[in-house]
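Thanks for coming. I have one model to go through today, so please have a look at it before I start.

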Amino acid sequence: MAGTPPIIIKKKVSHGGHHGGAWKVAYADFVTAMMALFIVLWLMNSSKKIQEAVGGYFKDPTGVTKQAGTDKAGAEDNFVVNKDNMQLLKDQLEKAIKEVPKFDKMKNHIDMTVTNEGLRIELSESAAGTFFESGSAKISEDGAALLELLAEELGKLPNKLAMEGHTDSKQYPAGSTYGNWELSTDRANAARRLVQMHGIRDDQVTQVRGFADQRLRKPEDPLDPSNRRISLIVRYLDKKPSAGAEHSEKEGEGNAGEEGAKPEGAEKPGEAAKAAGAAKAPEAGKSAEKPPEKK
């Protein structure tokens with residue numbers, strides 16, 4: 001039997017069973033993580049417009065928010081803000097402004113109220129100044145960031161806007177040619193210029209009003225810093241604008257709703273409304289007679 005070849009038995013080792021496809025799950029997780037990484041890297045090097053568009057999708061993937069704002073050309077054919085849904089716009093703006101840098105610092109100075117005239121957005125000052133430099137119509141960096149965001153959102157709507165400026169009752173020195181009437185109007189007009197540079201249409205602002213200290217927020221404390229404020233009013237608009245609706249809107253402008261009659265000249269877009277024969281306001285920052293301590 002010496003010439004008989006040996007018998008070799010080969011055993012197959014199976015690697016199947018419960019862990020046979022586990023590597024596929026791990027690989028899929030790895031690919032997903034890599035894709036997310038590349039998207040983040042791409043976004044970091046993209047323009048601000050693209051970043052906002054992508055961020056907007058994740059905040060509102062169903063597109064519900066877009067119902068309150070449409071493209072400017074055909075806004076009147078779509079959803080418009082009226083008395084029935086102004087609260088929806090208020091809720092959306094409150095959510096949007098939380099994305100503004102330093103929002104925590106400003107949140108106690110931003111007040112939105114639905115009134116008979118429309119949505120009133122008030123930006124009130126603190127003792128140190130929040131939205132404007134002390135005694136000046138120059139908008140602060142924080143104030144500019146907030147107004148730019150509001151302009152982007154409100155510019156999508158067909159609704160008309162009104163701008164207001166208010167001061168406290170602290171008076172300028174006797175004989176000064178610059179006073180609270182000029183300061184309140186200049187601040188409202190400065191806000192108008194800024195929002196029109198960042199989304200508000202030229203014909204969207206129909207009134208710029210300066211009230212000085214005639215409409216104090218806290219009448220019991222006329223020197224309180226919160227009396228110094230600017231207001232943006234988003235005015236109501238009919239669901240289907242027509243010739244009659246346009247006429248009604250013009251009558252509303254003459255009335256100024258619950259907020260009182262507008263000063264003469266306020267109906268001209270881009271011009272400051274001077275109340276009760278106030279002197280023409282000089283350009284912000286050019287008056288040498290403005291005392292630096294005035295807020």
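Predicted model: local features only at pLDDT ≥ 70, side-chain atom pairs only at ≥ 80, totals over all residues.

Residues are numbered from 1 along each chain as its sequence is written, and side-chain values use heavy atoms, with hydrogens and water left out.

First, the layout. The protein chain has seven helices and five strands; helices here are DSSP runs of H or I with at least four residues, strands are runs of E with at least two, and both are numbered from the N terminus. Their order from the N terminus is α-α-α-α-β-β-α-β-α-β-β-α. Of the 295 residues, 43% count as buried, where buried means under 20% relative accessible area, exposed over 50%, and partly exposed in between, with a 1.4 Å probe and protein chains only. The accessible surface comes to about 17200 Å², and 56% of that belongs to carbon and sulfur atoms; areas come from the Shrake-Rupley method with a 1.4 Å probe, and for residues only the protein chains shown count as cover.

Next, the salt bridges. The term means a side-chain nitrogen of Lys or Arg within 4 Å of a carboxyl oxygen of Asp or Glu, and the count by this rule comes to 15. One of them joins Lys105 and Asp142, with the closest N and O atoms 3.2 Å apart. That pair links distant parts of the chain, as Lys105 is in helix H4 and Asp142 is in helix H5 (residues 141-154), 37 residues apart. Lys105 is exposed at 51% relative accessibility, whereas Asp142 is buried at 10%.

A second salt bridge is between Asp111 and Arg217, at 3.2 Å from N to O. Here Asp111 sits in strand S1 (residues 110-114) and Arg217 in the loop between S4 and S5, 106 residues apart. Asp111 counts as partly exposed at 28%, and so does Arg217 at 32%. Asp224 and Lys218 also meet in a salt bridge, at 3.8 Å from N to O. Asp224 is buried, at 15% relative accessibility. Salt bridges with shared partners join Asp111, Glu117, Arg120, Glu122, Glu164, Arg209, Arg217 and Arg229 into one network.

Now to Thr167. Where is Thr167 found? It is in the loop between strand S3 (161-166) and helix H6 (180-196). Thr167 is buried because its relative accessible area is 1%. Its side chain reaches the backbone nitrogen of Asp213 at 3.5 Å. Beyond neighbours within four places in sequence, Thr167 is in contact (heavy atoms within 4.5 Å) with residues including Asn180, Ala212, Asp213 and Arg228.

Ala212 has its own entry on my list. Most residues other than glycine have a negative phi. The phi of Ala212, however, is positive, near 50°. Ala212 lies in the loop between strand S4 (205-210) and strand S5 (229-235), and is buried at 1% relative accessibility. Lys102 also has a positive phi, near 65°. Lys102 lies in the loop between helix H3 (86-96) and helix H4 (103-106), and is exposed at 52%.

That is the end of my list; questions are welcome.

Technical notes:
Polar contact = N/O pair within 3.5 Å; in protein donor to acceptor, adjacent residues only side chain to side chain.
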